[in-house]
Amino acid sequence: MPFDKVDKIWMNGQLVDWDDAKIHVLSHVVHYGSAVFEGARCYSTKNGSAVFRLKEHTTRLFNSAKIYRMEIPYTEDEINSAILNLISVNKLDACYVRPIVYRGYDSLGVNPAGCPIDVAIAVWPWGSYLGPDAMENGVDVCVSSWNRMAPNTFPAMAKSGANYMNSQLIKMEAISHGYVEGIALDNSGHVSEGSGENLFIVQNGVLITPPFGSAILPGITRNTVITLAKDLGIKVIEEEIPREALYIADEVFFTGSAAEVTPIATVDRIKIGEGKRGPITAALQEQFFGILSGEMPDVYGWLTYVNVGEPEPVSS
């Protein structure tokens, strides 16, 4: 999806013009994938523009950096403030938010010692990730021939740029075969996640999702859906899922900051349920987007408003 450029990008504490936000070709990150990043969304709510679960995204960014021994030269509060200010400076009502921490220009070699830890933040308008009709009609996906990484190879709990080389293979393979997205299995052959989304299945009214041990990223939207499901009285189980469970599930859906809550219509050309959004997926979407629009009370404090002085979210 092409970029819809905005005015400014935040780089190491400075606002720079979009076209001037550049790094050296010999930066460590270019050669070794030494970056961790986040993806969040700012929504236009009835109470003003608000970033969804900003603090949780920033905390995960810092956790990812910690795993890779990257000392971020800013506090979490400073990054949060920079994100909110950047959205305001670019006059965006709704947007995608991409902070990234990377090893910069100093020397090359597998050992990154000496390379600076640089930080950048970009925001831009970004619509539906898996297609404009996906929220109701669902998407067609396949099980990829590419597995997620085995334990003790790459840390799946870190949102690392290098990990997404695996995601690219999954995504490109799926598209080349006529699907919208791919589902990866873990090294034991159990369901893991999509190229950039967590996954849930519904079986007999129970919501089931793979555990952290299945090489998944600890998704913030995943956590949100688990919380909302429990509020709705839906039983949630985190357990290993065999591949064939996808085919006989009543419903299957993706979650993620980009994908939000997207139903899956078919897996490997096998129709899931009615081949479109099911009732539990619809109920979770209603709660999720109700909070994001400001139409439902934000009882968990998930929305961080961009501009000081904007109205507080509605209360129950």
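Reader: Which strand pairs with strand S1 over four bridges, and in which sense?
Author: The model is predicted, and what follows is computed from it. Strand S1 covers residues 8–11, and its partner over four bridges covers residues 14–17. Within this pairing Ile 9 stands opposite Val 16. The partner is strand S2, and the sense is antiparallel.

Reader: Which residue in the turn between S1 and S2 has a positive phi, and of about what value?
Author: S1 and S2 form a hairpin, with two residues between the strands. The residue in this turn with a positive phi is Asn 12, and its value is about 50°.

Reader: Which residue of S7 stands opposite Met 11?
Author: S1 is also joined by two bridges to strand S7, residues 117–124, and these two strands run antiparallel. The residue of S7 that stands opposite Met 11 is Ala 120.

Reader: What is the area of the nonpolar surface patch that includes Tyr 32?
Author: Tyr 32 is found in helix H1, which spans residues 28–32. Membership of a patch requires over 30% relative accessible area, and Tyr 32, with a relative accessible area of 38%, is partly exposed. The patch is made by Ile 23, Val 25, Leu 26, Val 30, Tyr 32, Tyr 105, Leu 108 and Val 110, and its area is about 770 Å².

Reader: How many aromatic pairs does a search of the whole structure find, and what is the geometry of the one formed by Phe 3 and Trp 18?
Author: The search of the whole structure finds twelve aromatic pairs. For Phe 3 and Trp 18 the rings lie 5.5 Å apart, centre to centre, with 70° between the planes. Since planes over 60 degrees apart count as edge-to-face, the geometry of this pair is edge-to-face.

Reader: Where in the chain do Phe 3 and Trp 18 lie, and is each of them buried or exposed?
Author: Phe 3 belongs to the segment before S1 and Trp 18 to the loop between S2 and H1, so that the pair links distant parts of the chain, 15 residues apart. With a relative accessible area of 54%, Phe 3 is exposed, whereas Trp 18, at 14% relative accessibility, is buried.

Reader: How is the pair of Tyr 96 and Trp 124 classed, and which strands does it tie together?
Author: The ring centres of Tyr 96 and Trp 124 are 5.4 Å apart and their planes are at 55°, so the pair is classed as tilted. Both Tyr 96 and Trp 124 are buried. Because Tyr 96 lies in strand S6, residues 95–103, and Trp 124 in the other strand, the pair ties together parts 28 residues apart in sequence, and the strands are S6 and S7.

Reader: Which residues do ring pairs link into a cluster with Phe 3?
Author: The cluster takes in the residues of both pairs discussed above, together with one further residue. Linked with Phe 3 are Trp 18, Tyr 96, Trp 124 and Trp 126.

Reader: Which residue in S10 is the bridge partner of Ile 183?
Author: Strand S9, residues 181–185, and strand S10, residues 191–194, run antiparallel and are joined by three bridges. In their hairpin, which has five residues between the strands, Gly 189 takes a positive phi near 90°. The bridge partner of Ile 183 is Gly 194.

Reader: Over which ring does the charged end of Arg 269 sit, and how far is it from the ring centre?
Author: A charge has to be within 6 Å of the ring centre to count as sitting over the ring. The charged end of Arg 269 sits over the ring of Tyr 179, at a distance from its centre of 4.1 Å.

Technical notes: Residues numbered from 1 in each chain as written. Predicted model: local features only at pLDDT ≥ 70, side-chain atom pairs only at ≥ 80, totals over all residues. Heavy atoms only, no water. Pairing = 2+ DSSP bridges. Patch = residues over 30% accessible without salt bridge, like charges linked within 9 Å, V, L, I, M, F, W, Y side chains within 5 Å. Areas by Shrake-Rupley, 256 points an atom, 1.4 Å probe, with all protein chains shown as cover. Salt bridge = Lys/Arg side-chain N within 4 Å of Asp/Glu carboxyl O. Buried < 20%, exposed > 50% of the residue type's maximum accessible area, 1.4 Å probe, protein only. Phe/Tyr/Trp six-rings, centres within 6.5 Å; stacked < 30°, edge-to-face > 60°. Lys NZ or Arg CZ within 6 Å of the ring centre and 35° of its normal.
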